[in-house]
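Hello,

Here is the structure I promised to pass on. Please open it first, then read my notes below.

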Amino acid sequence: MRIVFISDTHNRHADLELPAGDLLVHAGDFSSRGREWEVREFMAWFSQQSHARKVVVAGNHDFLAENDPAAFAALVPAGVDYLNDSGVEIGGLQIWGSPVQPEFYDWAFNRKRGPEIARHWALIPEGTDLLVTHGPPYGALDKTTRGEPVGCKDLRKLVEAIRPRIHVFGHIHEAYGTYTEAGVHYINASSLDERYLLRHAPVVVDI
């Protein structure tokens with residue numbers, strides 16, 4: 001199975017050059033402010049891509065998904081799996097997705113560090129092969145331009161405990177990249193850089 005990962009496209013999705021693959025995964029922030037027209041346009045584009053299956057989580061910019069879940073769900077077309085603290089099995093892969101990230105100003109899907117956000121991570125089941133979160137775990141491709149790691153420590157503990165084969169996320173644009181540690185392949189798939197310029201190529205993984 002060839003998986004193509006993207007994230008943080010912020011309405012620039014149509015400018016991407018997507019490699020062919022079997023599964024297309026978007027780790028959130030597909031819009032600028034989560035307005036209905038933004039969601040509709042992204043979902044139309046996403047669903048039309050050639051990949052047989054598509055998975056997406058929302059991000060902190062995708063307000064409609066949190067503020068009006070019913071309206072958002074109505075815009076998710078057939079063939080797209082939207083994950084919100086939920087999972088799906090595709091081609092033998094157990095996939096889990098969550099949009100939450102540590103609290104930062106008044107963005108969508110903010111949760112306070114500690115018990116509040118840890119409750120979301122506790123839902124991730126053992127046996128997860130591919131974990132899709134919008135925000136990064138602490139110490140994994142999570143440094144800002146100031147060199148400060150801003151990922152979630154509780155998420156990192158959970159990932160180290162269940163050890164998914166792949167953990168993909170975005171959110172911190174400038175930390176784009178991949179690396180493997182203790183059997184977990186970490187991917188920050190942010191498509192835009194810290195200046196919101198389209199600089200980063202989709203990440204492709206063959207399983």
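Strand 1 (residues 2-6) pairs with strand 13 in the antiparallel sense, over four bridges. Strands pair if DSSP finds at least two bridges between them. Strands (E, at least two residues) and helices (H or I, at least four) are DSSP runs, numbered from the N terminus.

Before going on: this is a predicted model, where local features need pLDDT of at least 70, side-chain atom pairs count only at pLDDT 80 or more, and totals for chains, interfaces and linings use all residues. Residues are numbered from 1 along each chain as its sequence is written, and side-chain values use heavy atoms, with hydrogens and water left out.

Five strands form an open sheet with mixed pairing, in the order 4-3-2-1-13. Its edge strands are strand 4 (80-82) and strand 13 (203-206), each pairing on one side only. Helix 1 (residues 36-47) packs on the sheet. Helix 1 touches strand 1, strand 2 (23-26), strand 3 (53-56) and strand 4. Contact means heavy atoms within 4.5 Å.

**Aromatic pairs**

There are nine aromatic pairs. Rings of Phe, Tyr and Trp (its six-membered ring) pair with centres within 6.5 Å; planes under 30 degrees apart count as stacked, over 60 as edge-to-face, the rest as tilted. Phe30 and Phe42 are stacked, because their ring centres are 4.5 Å apart and their planes at 10°. Phe30 sits in the loop between strand 2 and helix 1, and Phe42 in helix 1, 12 residues apart.

Best wishes

How values were computed. Axes fitted to C-alpha atoms, helices over the stretch in contact; angles between N-to-C directions.
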